[in-house]
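Have the model open as you read.

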Amino acid sequence: MILNTQKFLLKNLKNTRKLLNIRLLSTVGDEKYKGNYDVIIAGGGMVGCTLACAMAKNPLLSSLKVLLLEGSPDKKFELKPEYSNRVVALSQNTKLLMSSINVWQHVENMRLQPVRHMQVWDACSDAMISFSSSEILDDDVAYIVENDVLLHAVNTELNKTNNKNLDIVYGAKIDSYKLPTSTDRELKSLVKLANGDAYSCQLLIGADGANSAVRRAMGVQYVSWNYKQMGVVATLHLAEETENTTAWQRWLPTGPVALLPLDSKRSSLVWSTWEENAKELLKLPEEQFVDALNDALWKQYPRSSAVDACMSWVGGCLRGAGLADGAARQLPPSVRGIAPASRAAFPLGFGHSTRYVAPGVALVGDAAHRVHPLAGQGVNLGFGDIKELTELLADTVYTGFDITHPDWMRRYESERQKHNVPTQLAIEALHRLYTVDFPPVVLLRSIGVQVTNALQPIKKFVMAHAAT
Ligand SMILES: Cc1cc2nc3c(=O)[nH]c(=O)nc-3n(C[C@H](O)[C@H](O)[C@H](O)COP(=O)(O)OP(=O)(O)OC[C@H]3O[C@@H](n4cnc5c(N)ncnc54)[C@H](O)[C@@H]3O)c2cc1C
C-alpha cells in the first residue's frame, strides 16, 4: 500500500517536473537553462552540506531530486598535522544528528577533542561557573572539531551514499533568484548563476550564510546589527602538556577570551574584542601577542571593593546553605606560542530573520539566525534546523502532501524559532551584561552566575538547552 502510494507520488512528481520545465524554459528564454529539481540547496557550507547528506540518507527523501550549489571551488582536503584555526564546539545533539547520518565516525577517524569540563569566569569579580560532564550530563560537555574536518566528514558520507538523485555543483556562484509569489500556486523558484546557468526547483532552501541572498529575495524582515567586535582566532601552543579537556572562557570588559582544547598541548583561541583592538592584535609580533593573551587570561583587572564585599557575603551564604560557592576554581593554562600564520579575525554580528519560510522557500543555519560566538551555539542552531526540517519534510512526503505544503513549512518555522529566538536573546543578554564594568551591573551578573553555579537544577537546565 505504502509502496503503491510512493510510486504514484513519484510518477506525479515526474509529470510535474516535465510540465514545469516547459513553462520555465519559456520564462528563462535562455539556452543555459540546466533543468528542474525538487529541491535546490543554495550554499554548501557546514549546514547546507549536512542538509544534503541528511536528505540523501533519509529513505523518504532520497527519491527527491536535489541540487546543492556552492559558490567556492571543490577543495581537496588533506588532514595535516597542524590544526586549522577555524573550529567549532559541537553539542551533544549535533553529535546525535551526525551519528544518525554516519558522519560522526568519519570525524572520530580524523580528529576531535572532547570537552569534559568548562570554566567561565569574570575578570571584574570572583564570579565563576563551571560545567563538568560527570556532574551534569554523564557525557562530554561538547566536542571541538575543525570546520574543515566536519565538512570533509559530511562530504565523505555524502559521496558514499552514491545517491543518483543528488547533484552537487561547486564554483556555482548564484547571481539571482526569482521566487514564486504567494498567489502563484505552482511555487517554482528560478536560480540563476553568475555564469548564466539557470535551474528551477519546487523547494528552495537558503543555506547561504549570514549575508543570505535567498533571505533578501524572500523580502523578509531581518533584524541585525554589527557588534563592532571581531573574533580573533589562532592555534595556541600551551606552556604545559596536560590531558587538556577543559574549555576556558574569561569575560573581559572588552569581550570574552576563550581557549578550546585541541590536544594535550594545543588549544584554539576565540578572542572577541573591539574591532580596533582586534586589528592591533593581528599586527603584533608573535611574542607580544602571546604576552597580551596571557595578560587577558591572567591579569588582575580593576575591581570594585563593594562588589568584592557583596560577593564574599553571597559566597558565605551559599556555603552556609551547603552549596558550592565557586571557590573550587582551576587555574587556566599559560600560552607559550602560536602556530605560524594561524592568526585571523572575523567580524561578529547578530541577525534574526523574522520569517524562516515563504511560499516554496525555507532558510536554515546562519541565513536565518546569527549569534555572537561567546556561547559556541551558531552552527549547532543550524544543525537543529536540519533535524527539524528533514523530519517534517519526510512526514510530509510520507503523507503524500506536496513538498512545499505550507503546513510543514509553518511548523518548521515555529518549532525552530521557539528554540532559536530565546537562545539568541540569552546570548545577546550575556553579551550586553558582560561588556560593561559598571559596578552595579558587575554585581548583578556576578550574583546571577554564582547562584546558578551553586544550584545544580538550574545548571542542568542551562546545559540541556545548550545541548539541543
Ligand atoms: C570566530 C567564530 C567562532 C565560532 N565558533 C562557533 C562554535 O564554537 N560553535 C558553533 O556552533 N558555532 C560557532 N561559530 C558560528 C559558525 O561558524 C556558523 O554558525 C556557521 O559557520 C554557519 O554555517 P552555515 O553553513 O549556515 O553558513 P556559512 O558557513 O556562512 O556557509 C554558507 C555557504 O554558502 C555559500 N554561499 C554564500 N553565498 C553564495 C552564493 N551567492 N552562491 C553560492 N554559494 C554561496 C558560501 O560559499 C558558504 O559555503 C563561530 C563563528 C565565528 C565567526
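Let us start with Asn155, which touches Cys49 and Tyr170, leaving aside residues up to four places away in sequence; contact here means heavy atoms within 4.5 Å. Asn155 is found in helix H6 (residues 147-161). Helices (H or I, at least four residues) and strands (E, at least two) are DSSP runs, numbered from the N terminus. Asn155 counts as buried because its relative accessibility is 17%; buried means under 20% relative accessible area, exposed over 50%, and partly exposed in between (1.4 Å probe, protein chains only).

A word on the background: this is a predicted model, in which local features need pLDDT of at least 70 and side-chain atom pairs count only at pLDDT 80 or more, while totals for chains, interfaces and linings use all residues. Residues are numbered from 1 along each chain as its sequence is written, and side-chain values use heavy atoms, with hydrogens and water left out.

Stepping back, the chain has 14 helices and 20 strands, and 53% of its 468 residues count as buried.

**The interior**

Which residues have the most contacts inside the largest nonpolar core? They are Leu204 and Phe383, in a core of 73 residues. Helix H2 (residues 46-57) gives the largest share of this core, nine residues. Apart from it lies another core, of 25 residues, including Met230 and Tyr301. A nonpolar core is a set of buried Ala, Val, Leu, Ile, Met, Phe, Trp, Tyr and Cys residues joined through side-chain atoms within 4.5 Å. Among the residues that Phe383 touches, not counting those up to four places away in sequence, are Met46, Leu90 and Leu150.

**Charged pairs**

The structure holds 17 salt bridges, each a side-chain nitrogen of Lys or Arg within 4 Å of a carboxyl oxygen of Asp or Glu.

Lys387 and Glu391 are separated by about one helical turn, because they are four residues apart in helix H11. Glu280 and Lys283 both lie in helix H8 (residues 275-283), three residues apart. Glu280 is partly exposed at 44% relative accessibility, whereas Lys283 is exposed, with a relative accessible area of 63%.
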